[in-house]
Amino acid sequence: MAGLCLFALGGALLASLPGTQFILSWTHSIEKTEWRENWTVEAGRLRPTEARIRGTGAGMEPGPDARLTADGWMVWTPDLPPQDSVTLAASSFTGEHRLCAGAECRPLSDWTGVRDQAVAMRACP
């Protein structure tokens, strides 16, 4: 099955999402600025295809190929190899991650049923 799977850090499967492309977004804890990343599931791994932020600041440096769009986003292609797993931390200092898969965009807890817990994203086996 191709798609994105979300796991508790203990290994339990929390959700299996449709499709091979998804968008992950969150608000930076210090700058209070939105950060978005487009990912694809490819050959059993997660590959980032685009990142974008609205401005820069502490820990929010855009990639060297970043360009400013007409609507105010800095957009670039991340220089990161495909990943086996990506862990999403839970922090009381920020809002939840938001995940878009297929035509649905929801807070991470709406997909997983858990709040305030780290979640690992991996390609579905």
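1. Strands here are DSSP E runs of at least two residues, helices are H or I runs of at least four, and both are numbered from the N terminus. T40 counts as buried, because its relative accessibility is 10%; buried means under 20% relative accessible area, exposed over 50%, and partly exposed in between, with a 1.4 Å probe and protein chains only. A polar atom of the T40 side chain lies 3.1 Å from the backbone oxygen of T20. Beyond its neighbours within four places in sequence, T40 is in contact with T20, Q21, R45, L46, R47 and T49, where contact means heavy atoms within 4.5 Å.

2. A word on how to read these values: the model is predicted, so local features need pLDDT of at least 70 and side-chain atom pairs count only at pLDDT 80 or more, while totals for chains, interfaces and linings use all residues. Residues are numbered from 1 along each chain as its sequence is written, and side-chain values use heavy atoms, with hydrogens and water left out.

3. Now to the aromatic residues. The structure holds three aromatic pairs. Rings of Phe, Tyr and Trp (its six-membered ring) pair if their centres lie within 6.5 Å; planes under 30 degrees apart count as stacked, over 60 as edge-to-face and the rest as tilted. F22 and W39 make a stacked pair, with 6.4 Å centre to centre and 5 degrees between the planes. F22 belongs to strand β3 (residues 21–27) and W39 to strand β4, so this pair ties together parts 17 residues apart in sequence. F22 is buried at 4% relative accessible area, and W39 is buried, also with a value of 4%.

4. W35 and W76 form an edge-to-face pair, 5.7 Å centre to centre and with 90 degrees between the planes. This pair links distant parts of the chain, since W35 is in strand β4 and W76 in strand β7 (residues 74–76), 41 residues apart. Both W35 and W76 are buried. Ring pairs also join W26 to W35 and W76 in a cluster.

5. Two arginines deserve a look as well. The charged end of R122 sits over the ring of F7, 3.9 Å from its centre, and R52 lies over the face of W73, 5.5 Å from the ring centre. The criterion is NZ of Lys or CZ of Arg within 6 Å of the ring centre and within 35 degrees of the ring normal.

6. What about the nonpolar cores? A core is a set of buried Ala, Val, Leu, Ile, Met, Phe, Trp, Tyr and Cys residues joined through side-chain atoms within 4.5 Å. The largest has 19 residues, and those with the most contacts inside it include L46, F22 and M121. Among the elements giving two or more residues to this core are β1 (4–8), β2 (13–17) and β9 (98–101); β11 gives the most, with three. Leaving aside neighbours within four places in sequence, L46 is in contact with residues including L4, F22, W39, T40 and M121. Another core lies apart, with six residues, among them W35, A51, I53 and M74.

7. Finally, two backbone angles to check. A43, in the loop between β4 (34–42) and β5 (45–53), has a positive phi near 55 degrees without being a glycine, and A43 is exposed at 79% relative accessibility. D116, in the loop between α1 (108–112) and β11 (119–123), is likewise not a glycine and has a positive phi of about 55 degrees; D116 is exposed, with a relative accessible area of 68%.

How values were computed
Polar contact = N/O pair within 3.5 Å; in protein donor to acceptor, adjacent residues only side chain to side chain.
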